[in-house]
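This report describes selected features of one protein chain, from its overall make-up to individual residues. Please consult the sequence and structure shown below while reading.

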Amino acid sequence: GLFMKKNVAIGVGIAAAVVVIGGGTAFALNGVGGGGSANSKFLQYNQQVLKEKTDFLDQFIGSAAKAKTVDKTVTITADVTGNSSAATSFNSALKDSSITMKMKGDEKNAVMGMNLHLMGSDLLDMTTTVDASQNLIGFYIPAADEKYYTFDLNKLYKNLYNEDTNFSLQGNRALSEKEFEDLMKPYMDIFANAVKGSKIVVEKNKEVSQDYLADKFTGDTYSFKPTQQEIEKTLNTLADTLEKDTKLVDFLKKYNYDASSLQQLNQQLGVTDDDGKDPAKTLQALAKKIRDNAASTSKTMADNGFHWTVAVEKNQVKQIRIGTEKVSDFVYEIKQADNTTTSAYYVSTDKDQGISNSVKKDGNKVTGDLTAKVERQSIKFSYDVDTSKKDALLAYGSYSIQEENVAKTSANLTIGPGANGGTEYALNLNDISSTTGSSDIDGINLHFNVTDGADVSAPSIAPTDISDYSQEDLQKLFNGMAEKLYPSFFKVLSQLSSL
């Protein structure tokens with residue numbers, strides 16, 4: 001009944017918002033630009049918000065997100081805080097202890113060396129390798145076994161569990177911006193064409209209230225209120241596009257989709273006789289479902305007064321509402337005061353829950369608080385960064401999370417210059433006694449020092465393939481390795497127990 005209608009309407013609204021407001025970077029909506037028509041203005045304003053959001057995120061994110069190679073050494077050390085003998089013992093054990101990881105590689109081949117150093121002794125030296133073109137994983141632990149072992153994960157899995165898998169080491173890389181835009185473009189075009197083919201209702205000098213931000217402004221509103229026929233036509237176009245989207249099928253095949261999750265989706269779509277191994281079948285089933293329901297979905301949306309409204313003050317978007325007049329809206333709103341910008345996302349029928357982000361920008365210095373209120377609980381994520389200085393992952397500065405009504409910050413990450421010309425990531429987990437129930441240790445500090453370059457290479461000896469090993473063979477191999485490693489582990493354990 002109504003609950004279903006409400007969910008469909010909100011679901012469609014939020015999905016549309018995610019696609020347009022949360023989608024990729026700078027994809028241009030079809031035919032946006034120039035043109036002073038209400039339709040093109042409506043599209044331009046949505047694009048403006050999208051650009052603001054992606055520009056905001058880009059300030060924080062380093063180059064690793066787009067990097068195609070890695071060549072880094074990471075050294076991890078730790079200490080604890082607390083006024084107890086347990087804390088003192090822990091710290092004396094941790095003082096000469098570290099984990100070092102050396103990573104080198106690209107999309108086809110990678111080598112990782114790991115060294116576990118505990119209380120002055122090297123406990124474990126291990127090299128792992130990945131050869132994506134051959135689908136091989138390798139490992140070499142000279143202290144445990146002089147051989148360098150490799151295996152094909154699919155063959156080994158088939159051998160052990162007698163089940164076929166199509167796990168590929170080739171996929172799992174980030175989509176380039178261009179690839180993402182190419183995939184999104186047909187769907188952006190559907191939206192842009194739907195807007196162009198509809199009448200945009202414009203109201204000038206209207207007072208608009210911003211409920212979550214407790215503010216109001218006078219501006220112009222642009223409302224996209226498609227008729228039932230227009231919605232139905234758009235849904236059918238969407239179905240046709242999905243059905244013929246060979247690029248999307250290729251993408252899913254190439255990027256290691258999980259067959260079992262596609263199979264579950266198929267079942268929800270009413271396809272019971274499919275193993276989920278061909279994404280084209282899933283897209284066809286999805287297209288059929290959209291087409292079969294196009295008439296009823298469009299009627300429900302039109303009857304409930306579906307709308308997408310953009311409210312603008314002096315050419316700046318101050319609010320977007322997507323939803324239905326009879327049920328509720330998904331709302332985004334933003335206000336400026338001095339040099340602080342505050343934006344919020346919420347559902348109109350539940351103003352006690354939502355997400356707000358308050359940002360202050362001063363040159364390269366960006367400080368702010370992102371607060372999420374959910375189920376009478378509030379979590380605050382604070383940041384204070386210098387956007388001109390970035391490591392491969394994030395901008396230098398501090399990032400912390402705090403639960404409201406809890407005195408200390410739960411976690412704090414500080415990024416800055418580290419040893420040997422590297423970058424240090426210092427992660428402090430505070431007030432952990434409330435989680436562990438023990439007051440011996442108050443907090444844990446983890447230090448990750450990241451430097452460029454990795455002195456690591458694949459083992460120079462010929463590999464031994466274990467893809468056809470049985471469970472017994474593997475058990476025997478690992479037991480043998482464990483026996484060789486046991487004396488050095490035992491030595492450290494006895495040192496620990498005497499602390």
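Predicted model: local features only at pLDDT ≥ 70, side-chain atom pairs only at ≥ 80, totals over all residues.

Of the 499 residues, 38% are buried. The secondary structure comprises 11 helices and 20 strands. Among contacts with a separation of 6 or more, 51% are between residues 24 or more positions apart.

**Helices**

Helix α2, formed by residues 38-58, packs with helix α5, formed by residues 177-196. On the α2 side, Asn39, Phe42 and Leu43 take part in the contact, meeting Phe191, Ala192, Val195 and Lys196 of α5. Classified by residue type, this contact contains 5 nonpolar residues, 1 polar residue and 1 charged residue.

Helix α4 spans residues 153-161, and aspartate 152 caps its N-terminal end. In this cap, a side-chain oxygen of aspartate 152 is 2.9 Å from the backbone nitrogen of asparagine 154. After α4 comes asparagine 162, which has a positive phi near 50°.

The table gives the relative accessible areas of two residues.

| Residue | Relative accessible area |
|---|---|
| Threonine 423 | 6% |
| Isoleucine 432 | 15% |

Threonine 423 belongs to strand β18, which covers residues 423-429. Threonine 423 counts as buried because its relative accessible area is 6%, and buried means under 20%. The side chain of threonine 423 forms a polar contact of 3.2 Å with the side chain of aspartate 391. Beyond residues up to four places away in sequence, threonine 423 touches several residues, including Tyr396, Ile415, Pro417, Phe448 and Val450. Asp391 is also one of the residues that threonine 423 touches.

Where is isoleucine 432 found? Isoleucine 432 is placed in the loop between β18 and α10, the latter being residues 433-436. With a relative accessible area of 15%, isoleucine 432 is likewise buried. When neighbours within four places in sequence are set aside, isoleucine 432 is in contact with Ile441, Asp442, Gly443 and Ile444. The C-alpha atom of isoleucine 432 is separated by 7.9 Å from that of serine 410, a residue 22 residues apart from isoleucine 432 along the chain.

Note on methods
Residues numbered from 1 in each chain as written. Heavy atoms only, no water. Helix = DSSP H or I, 4+ residues; strand = E, 2+ residues; numbered from the N terminus. Buried < 20%, exposed > 50% of the residue type's maximum accessible area, 1.4 Å probe, protein only. Contact = heavy atoms within 4.5 Å. Axes fitted to C-alpha atoms, helices over the stretch in contact; angles between N-to-C directions. Nonpolar A, V, L, I, M, F, W, Y, C, P; charged D, E, K, R; others polar. Polar contact = N/O pair within 3.5 Å; in protein donor to acceptor, adjacent residues only side chain to side chain.
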